Structure formats: C-alpha cells, structure tokens
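Colleague: Please pick one part of this chain and take me through it closely. Keep the wording brisk, and give each cut-off once.

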Amino acid sequence: MDPTKVVVEPGANKDVLVFKLLDRATGAVLSEIPNQTPQQAADNPAYKSGALLNQQV
C-alpha cells in the first residue's frame, strides 16, 4: 500500500479545490496545495494536463 494518499477538499471559495497529501500512518498533512480554480487552469494556454497535481514532497 502507498504510504501517502491525496484528499481533495473545497477551499474557502467554493470554486477553489485544496489538494492535501496525507501520510496514511499518522494522518499528518505532508503538503497542502491550494491551486487555481479549474476555470483559471482551463483558460491558461500554458497549462498542461496534470500540472495541478504534479508535485513532489
């Protein structure tokens, strides 16, 4: 089993998603990524598929 998991939650603004990378064993948040709204990403010509989640810890 992978030692981490990704959880997606709504942000303070309902159009913003917050991606959290959690340690499965402890539940600790390893990374929290409040990214662009999906519409902003779609409107950005430089956006590449998966770029919102392409992170390393």
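Modeller: Two strands pair if DSSP finds at least two bridges between them. Helices (H or I, at least four residues) and strands (E, at least two) are themselves DSSP runs, numbered from the N terminus. The part to examine is strand β2, residues 17-23.

The model is predicted: local features need pLDDT of at least 70, side-chain atom pairs count only at pLDDT 80 or more, and totals for chains, interfaces and linings use all residues. Residues are numbered from 1 along each chain as its sequence is written, and side-chain values use heavy atoms, with hydrogens and water left out.

First, the setting. The chain has 3 strands and 1 helix. Their order along the sequence is β-β-β-α. Of its 57 residues, 21% count as buried (under 20% relative accessible area; exposed is over 50%, partly exposed in between; 1.4 Å probe, protein chains only). Strand β2 is largely enclosed by the rest of the structure, because 5 of its 7 residues are buried.

Now the partners. On one side of the sequence comes β1, residues 4-10. β1 and β2 pair in the antiparallel sense, over 7 bridges. A hairpin of 6 residues joins them. Within this pairing, Val8 stands opposite Phe19 of β2. The hairpin of β2 and β3 has 5 residues between the strands, and Gly27 in it takes a positive phi near 80°. Leu22 has Val29 in β3 as its bridge partner.

Take the residues of β2 in turn. Leu17 belongs to this strand. It is partly exposed, at 33% relative accessible area. Together with Val6 and Val8, Leu17 makes a nonpolar surface patch of about 240 Å². Such patches use residues with over 30% relative accessible area and no salt bridge, joining like charges within 9 Å and nonpolar side chains (Val, Leu, Ile, Met, Phe, Trp, Tyr) within 5 Å. A salt bridge here is a side-chain nitrogen of Lys or Arg within 4 Å of a carboxyl oxygen of Asp or Glu.

Lys20 is also in β2. It is buried, with a relative accessible area of 18%. Its side chain makes a polar contact of 3.0 Å with that of Glu9 (a pair of N or O atoms within 3.5 Å; within protein, one must be able to donate a hydrogen and the other to accept it, and residues adjacent in sequence count only if both atoms are side-chain atoms). Beyond four places in sequence, Lys20 touches Lys5, Val6, Val7, Glu9, Ser31 and Glu32. Contact means heavy atoms within 4.5 Å.

Val7 lies in β1 and is partly exposed, at 23% relative accessibility. Its contacts beyond four places in sequence are Val18, Phe19, Lys20 and Leu22. With neighbours within four places set aside, Val29 is in contact with Leu21 and Leu22. Its C-alpha atom is separated by 9.8 Å from that of Lys5, 24 residues apart along the chain.

Key. Accessible areas come from the Shrake-Rupley method with a 1.4 Å probe; for residues, only the protein chains shown count as cover.
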